[in-house]
Protein chains: 2
Amino acid sequence: MVSTFAPQAAGDLNFLKKLNRSSILATVRRYPGATRADIAARTQLTKATVGGVVQALLERGWLREGELQPRGGGRPGRALYLDDAHHVLLGADIGVRGLRIVACTLGGEVLLQRSVIQAPTTPDETAAHLAELIRAMRHDPLIADRHCLGLGVTVPGPVAPEQPILRLAPNLGWIDVAFLEVLRPHLPEFDGAWLLDNEANAAAFGEFYFHDGIPPESIVYISAASGIGSGMVTGDNFPLVPRGGQGLVGEIGHSIVQPGGLYCHCGNRGCAETLVSGWAIRAALGIADDENLEAAIMARGDDADVGITLRRAGEALGVLMLNLHHTLNPTTLVLGGSLMQLGERLIEPALAYFEAHQNDLLRGTQRVPVKVIHDSTYTAARGAAAQVMAKAALEA
Amino acid sequence: MVSTFAPQAAGDLNFLKKLNRSSILATVRRYPGATRADIAARTQLTKATVGGVVQALLERGWLREGELQPRGGGRPGRALYLDDAHHVLLGADIGVRGLRIVACTLGGEVLLQRSVIQAPTTPDETAAHLAELIRAMRHDPLIADRHCLGLGVTVPGPVAPEQPILRLAPNLGWIDVAFLEVLRPHLPEFDGAWLLDNEANAAAFGEFYFHDGIPPESIVYISAASGIGSGMVTGDNFPLVPRGGQGLVGEIGHSIVQPGGLYCHCGNRGCAETLVSGWAIRAALGIADDENLEAAIMARGDDADVGITLRRAGEALGVLMLNLHHTLNPTTLVLGGSLMQLGERLIEPALAYFEAHQNDLLRGTQRVPVKVIHDSTYTAARGAAAQVMAKAALEA
DNA sequence: GTAACTTAGTTAATAGGTTTAACTAAGTGG
DNA sequence: CCACTTAGTTAAACCTATTAACTAAGTTAC
């Protein structure tokens with residue numbers, strides 16, 4: 001379980017400065033409009049330290065000053081916000097159905113987004129295509145003058161914990177691809193951070209990092225699409241993304257929910273993906289791979305088979321949610337992925353199962369809130385951009 | 001997911017010193033016999049810094065110097081070890097079947113251990129009994145002269161993430177017990193750190209912290225006893241123990257492995273505990289609560305019912321292991337808990353199932369090693385002692 | 001056997017970060 | 001208008017790690 005942006009275990013004064021700078025930025029991110037005094041109170045740093053760091057961040061275009069915040073019977077403080085005018089973060093999501101790119105501000109506001117539908121191809125061709133799109137986007141007047149802090153790329157499969165290598169993406173047919181190295185020659189002029197992560201991890205990170213208002217303590221994001229995966233994020237100023245020994249953290253699609261059940265393409269029986277995944281639903285309903293799943297299902301209307309299949313898939317999703325609740329116990333659960341577009345016939349049974357069963361262990365506890373992202377087209381790409389920000393904040 | 005001993009997110013020079021001191025101690029713990037130069041190389045600190053901190057730790061009885069370590073063609077370095085002569089760590093495990101107490105050195109060597117069999121009773125009576133045992137142990141000549149760094153207590157149920165409160169222990173009949181506060185009046189003379197944690201979390205922590213040789217990157221410990229739980233630990237110098245929003249991390253006994261299966265005492269159906277737990281095995285074989293489970297099963301010899309029940313339980317355990325592998329992806333899996341004493345008829349099917357299925361996702365990867373602790377009587381208590389050490393190391 | 005070399009560890013001066021304490025700034029309330 | 005409160009800045013002090021030069025203690029080459 002290696003964390004992405006965790007502070008190292010030993011360090012010098014420069015490290016301490018980085019830590020505090022990052023902590024101050026995180027405070028402004030979580031409490032927009034905070035004053036220097038607010039930050040000092042929250043971080044336990046002194047006014048002097050906060051003042052100096054804030055001054056530097058203002059000069060470098062990371063923070064901007066806002067209006068005066070009246071205080072009861074004293075000098076009003078100056079509100080501080082992330083400066084959304086001088087930098088840009090890029091995030092790209094390589095999916096089975098195409099590429100999605102996002103450019104956003106330090107606050108997570110999406111400035112530009114592009115989506116290209118294309119069939120899976122080789123890493124090199126994908127990189128060439130992606131580079132072209134990024135170069136074009138980079139010249140858009142909306143962001144051309146901004147300093148680009150880096151590019152985060154997400155892929156639909158486990159990424160090795162230590163090096164940025166995609167281990168396996170069955171839906172793309174890729175094995176052990178160091179995609180950033182493939183991409184780099186196509187974008188020689190690009191400087192800034194380069195990051196690679198699993199799509200669900202990045203989405204979870206983004207939902208946590210760019211959360212409106214004070215983020216929850218921890219988030220588990222379930223990505224239900226062609227396959228099914230999940231990502232977990234926690235930590236205050238340094239969000240942690242556990243990856244595991246082999247980068248398999250969150251590969252819940254192959255957790256067993258029905259021992260002795262249907263055969264999965266992974267070779268085991270009763271994997272979650274045999275019940276709730278794009279391919280399982282296609283198989284159950286006889287929908288071809290080249291058909292659009294959502295359209296095909298809508299076309300069948302109130303067909304009973306469709307209803308039963310979606311209900312079964314939803315209930316399996318509910319089981320997965322419950323098991324994640326009992327294993328990772330996040331503060332918030334987020335559901336995303338293209339399957340959410342199949343609508344309430346799938347979502348409702350999942351939520352109902354989870355609601356009905358989650359709380360029997362600790363009666364009287366507040367329930368875990370579930371957030372459904374009905375259209376998560378750019379969620380992963382935006383999450384990748386968030387990771388760029390988190391990394392750059394340490395270097396700022 | 002709140003970590004126990006993680007560095008805070010912002011800090012002053014004193015914090016930096018703590019961080020480096022703890023990091024140096026951790027290096028000696030993981031690499032016994034390391035020299036000052038070795039430590040400097042591993043921690044990226046300078047020789048000067050390491051020298052100063054080591055000097056202070058030698059004077060305070062945390063480290064001791066050993067023999068000279070010959071170096072190729074240069075002055076030999078002085079080996080450093082954790083000083084196992086001046087301090088003592090106490091750990092106590094409150095279980096369904098009684099109390100277990102351990103006193104150990106900074107290196108995790110058990111100096112004294114006591115076990116008392118008793119039926120569950122009230123928190124106050126348990127605290128009184130525990131205090132008596134601890135006081136007696138404290139006067140044992142083997143540890144009477146040592147400085148006690150603190151006491152860690154483990155309980156068989158989820159502990160709230162922020163405060164040391166046991167949320168629920170069905171097997172003890174306890175609900176929302178701030179056990180340390182109950183215990184404190186019984187041990188007024190005791191100073192040092194007081195810690196409370198879930199039994200599986202503590203066991204996992206101990207297996208990681210006191211690991212012989214370089215510990216793995218992460219450990220998941222599965223505790224199979226009356227109920228079933230798990231704990232996860234990761235992190236180099238600051239082992240992290242995720243607890244989750246409600247302290248439910250690792251409550252895998254109530255993850256669903258057989259939807260629509262048997263009813264569990266938690267109210268759901270098909271929980272793992274309905275297949276692999278002390279009470280499930282008793283129920284299946286008609287063994288009374290007051291009988292010793294292991295003895296009753298041995299008495300039945302090669303009875304076919306016993307074989308089938310244990311095999312089923314083992315396979316369910318294998319499913320749990322596989323699901324944890326796909327959700328948390330630890331570097332090492334550890335199996336413990338009193339059920340391990342039921343022997344190979346249970347363990348073998350679990351290992352076989354895991355072996356046969358774990359690797360189908362990432363072919364060619366090295367397999368996840370599984371360690372079975374056949375007698376884990378003192379594993380949790382020792383883990384609690386490890387947590388005391390980790391906490392004290394920051395204050396040293 | 002001695003000089004050259006290598007590695008370990010210590011020391012004093014230096015650099016750099018945060019804090020302390022005193023200050024200025026800018027409001028409210030009587 | 002003065003007392004009070006809170007925000008933010010500044011310079012000196014303090015603390016920590018680093019640098020660079022040193023001593024210590026071994027091996028290797030000749």
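## Close-up views of a predicted protein–DNA model

View 1. The model is a predicted one, and in it 27 residues surround DNA strand C. The closest of these are Asn20(A) and Thr49(A) from one chain, and Lys47(B), Arg75(B) and Arg78(B) from the other.

**View 2. Elements of chains A and B supply the surface near DNA strand C.** In chain A, helix α1 (13-30), helix α3 (47-59) and strand β2 (74-82) each supply at least two residues of this surface, and in chain B the elements that do so are α2 (36-43), α3 (47-59) and β2 (74-82). Which element gives the most to the surface near DNA strand C? It is β2(B), with five residues.

View 3. In chain A, an N or O atom in the side chain of Thr46(A) is 2.9 Å from a phosphate oxygen of DNA strand C.

**View 4. The largest cavity is lined by residues of chains A and B.** A search of the whole structure finds eight cavities of 30 Å³ or more, and the largest cavity holds about 130 Å³ of space. The elements that give two or more residues to its lining are α9 (304-327) of chain A and α9 (304-327) of chain B. The lining consists of Ile252(A), Ser255(A), Leu320(A), Asn323(A), Leu324(A) and Thr327(A), together with Ile252(B), Ser255(B), Leu320(B), Asn323(B), Leu324(B) and Thr327(B). When these residues are sorted by class, six are nonpolar, six are polar and none is charged.

View 5. The secondary structure of chain A comes to eleven helices and 13 strands. Its radius of gyration is 22 Å, close to the 21 Å that the globule rule gives for 396 residues, so chain A is as compact as a globular protein of that length. Taken along the principal axes, the C-alpha atoms of chain A fill a box of roughly 65 × 55 × 40 Å. Of the 396 residues in chain A, 60% are buried.

Notes. Residues numbered from 1 in each chain as written. Chains lettered and ligands numbered in written order. Predicted model: local features only at pLDDT ≥ 70, side-chain atom pairs only at ≥ 80, totals over all residues. Heavy atoms only, no water. Near = heavy atom within 4 Å. Polar contact = N/O pair within 3.5 Å; in protein donor to acceptor, adjacent residues only side chain to side chain. Helix = DSSP H or I, 4+ residues; strand = E, 2+ residues; numbered from the N terminus. 1 Å grid on protein atoms, 1.4 Å probe; cavity = no way out; pocket = protein on both sides within 12 Å on 5 of 7 lines; lining within 4 Å. Points joined across faces, edges and corners; volume = space filled by probe spheres on them. Nonpolar A, V, L, I, M, F, W, Y, C, P; charged D, E, K, R; others polar. Rg over C-alpha atoms; globule rule 2.2 N^0.38 Å. Buried < 20%, exposed > 50% of the residue type's maximum accessible area, 1.4 Å probe, protein only.
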